[in-house]
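Reader: I would like to learn how to read a model of this kind, one feature at a time. Could you show me the structure, and then take my questions in turn?

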2 protein chains.
Amino acid sequence: MDTETAELRVLEAAQSLFNERGVQAVGMDAIRTASGVSLKRLYQVFPSKDALLEAVLRRRDAEVRAAITSYAAAHATTPYERVLAVFDYLGEWFAEPDFRGCAFINAYGEIGGVSAAVADIARTHKTAVRDHFAALVAELGAPAVLADQLAILANGAMATAGINGTPEPAAQAKAAARVLLDAA
Amino acid sequence: MDTETAELRVLEAAQSLFNERGVQAVGMDAIRTASGVSLKRLYQVFPSKDALLEAVLRRRDAEVRAAITSYAAAHATTPYERVLAVFDYLGEWFAEPDFRGCAFINAYGEIGGVSAAVADIARTHKTAVRDHFAALVAELGAPAVLADQLAILANGAMATAGINGTPEPAAQAKAAARVLLDAA
DNA sequence: GCCAGCGGAGAACGCTCGTTCTCCTCTTGC
DNA sequence: GCAAGAGGAGAACGAGCGTTCTCCGCTGGC
């Protein structure tokens, strides 16, 4: 196995385990077992568990940004539709069987108080999502605060869907977003 | 020190430390030091750290429910105003210097995947907040889904304010709530 | 065929944590 | 004044974790 696939397998295994059980409840041994990558290799690629967590979060950040953009490109044309498409994307995500909330909200809650790096990555990600909305809101000529409100709806849908274990908040938030869009 | 005040001091110390650093990063020794209650007493009152965490969350649940109700009673009279008062309460909370997000969202992210009890308490709390909105929405004769949407706004404001470290999401969510109320 | 070096399995190490135990002090009832 | 018991301080214990090390087998160049 070359270094590249080892890194990928570790990132995927860690992401899955962190999502399922949280960060601190997952030992490096569990990541080694799930990834099939030896501890030696693992520490060659990621010098510490903290570094691995940061890499997982940065990768997830890029993944979510790309997914939002490409989902909108595939399902919507106007800025109005592209805003709503974000909530459709959330709905598909929430329905996945292993969905357990947003990785950044969860990581911030668990580690953000103790690791400035994790808090920064979470803030950066949430700012990026807000900015995605902001670009669409600007295209619509609506006031900028609408972008913040759409981001709040999205974050609220993630938190609510995670805790309640149902995908419905996506549709409810989408309906609310439509009301806000129509009022602006 | 009698048992009652020992219990109270432990609960307050644990709540503060859990909020600041997360649950798993706080040792029982830190709680003992912060509370001034000996480990022996501590384990007499709470048989395990898990039990202590559950007690902290249940107490916080009651505290938040009472605060929402009494804040609304003090600052609002109509159901419409009482809905918006929840977001004013959030704004005051977010501005507190040690605010670091919602205890239930954070605890769910950290422990919810591994402890059904914690996940249950978080779900119960969020359901209670939704039901608070639902009662007001029913008084207004608005469709029930509005209560879910208001709860999503509140949860989103908490998550966003925690991660970004600013209280503004409360006002932004309040403005969004007003739009939803007026549209219903 | 042989050896140098790379990689894997997993033991080892040092630390922290949850929980319990020990020992000492102080109070209290007589 | 004294025995008895409760309570506090902190050591002790066992488990688990992040990280490193050891040892062994395999591979590839000559």
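Reader: What covers the buried residues of α6(B)?

Author: This is a predicted model, in which local features need pLDDT of at least 70 and side-chain atom pairs count only at pLDDT 80 or more, while totals for chains, interfaces and linings use all residues. Residues are numbered from 1 along each chain as its sequence is written, and chains are lettered from A and ligands numbered from 1 in the order in which they are written. A helix here is a DSSP run (H or I, at least four residues; strands are E, at least two), numbered from the N terminus. A residue is buried if 20 or more other C-beta atoms, placed from the backbone, lie within 10 Å of its own, exposed if 12 or fewer, and partly exposed in between. Contact requires C-beta atoms, placed from the backbone, within 7 Å of each other. For α6(B), the cover includes α6 (103–112) and α8 of chain A, together with α1, α4 (49–75), α7 and α8 of chain B.

Reader: How many residues of α6(B) are buried?

Author: Nine of its nine residues are buried, and α6(B) is thus described as mostly covered. Among them are Phe104(B), Ile105(B), Tyr108(B) and Glu110(B).

Reader: Which elements give two or more residues to the side of chain B that touches chain A?

Author: Overall, 40 residues of chain B are in contact with 40 residues of chain A. The elements that give two or more residues to this side of chain B are α1 (3–21), α6 (103–111), α7 (116–140), α8 and α9 (168–183) of chain B, and α8(B) gives the most, with 14 residues. To sort residues by class, Ala, Val, Leu, Ile, Met, Phe, Trp, Tyr, Cys and Pro count as nonpolar, Asp, Glu, Lys and Arg as charged, and the others, Gly among them, as polar. By that division, the side of chain B that touches chain A has 20 nonpolar, 13 polar and seven charged residues.

Reader: At what angle do α9 of chain A and α8 of chain B pack?

Author: Axes are lines fitted to C-alpha atoms, for helices over the stretch in contact, and angles run from 0 to 180 degrees between N-to-C directions. Angles under 35 degrees count as roughly parallel, over 145 as roughly antiparallel, 65 to 115 as roughly perpendicular and the rest as oblique. Helix α9 (residues 168–183) of chain A and helix α8 (residues 145–164) of chain B pack at about 90 degrees, with axes 9 Å apart, which makes α9(A) roughly perpendicular to α8(B). Pro169(A), Gln172(A), Ala173(A), Ala175(A) and Ala176(A) meet Val145(B), Asp148(B), Gln149(B) and Ile152(B) there, and this contact has six nonpolar, two polar and one charged residues.

Reader: Are α5(A) and α8(A) roughly parallel or roughly perpendicular?

Author: The axes of α5 (residues 79–94) and α8 (residues 145–164) of chain A come within 11 Å and cross at roughly 10 degrees, so α5(A) is roughly parallel to α8(A). Val83(A), Val86(A), Leu90(A) and Phe94(A) of α5(A) meet Leu150(A), Ala154(A), Ala157(A), Met158(A) and Ala161(A) of α8(A), a contact with nine nonpolar, no polar and no charged residues.

Reader: Is Gly22(A) buried or exposed?

Author: Gly22(A), in the loop between α1 (3–21) and α2 (28–35) of chain A, is buried because 26 other C-beta atoms lie within 10 Å. Not counting residues up to four places away in sequence, Gly22(A) touches Glu110(A), Gly109(B), Glu110(B), Ile111(B), Gly113(B) and Val114(B). Pro47(A), in the loop between α3 and α4 (49–75) of chain A, counts as exposed, with 10 C-beta neighbours inside 10 Å.

Reader: Which residues surround DNA strand C?

Author: A residue is near a strand or molecule if its C-beta atom, placed from the backbone, lies within 6 Å of it. Around DNA strand C are Met1(A), Ser38(A), Leu39(A), Lys40(A), Arg41(A), Gly27(B), Met28(B), Leu39(B), Lys40(B), Tyr43(B), Ser48(B) and Lys49(B). Both α3 (39–45) of chain A and α3 (39–45) of chain B supply at least two residues each of this surface, which divides into five nonpolar, three polar and four charged residues.
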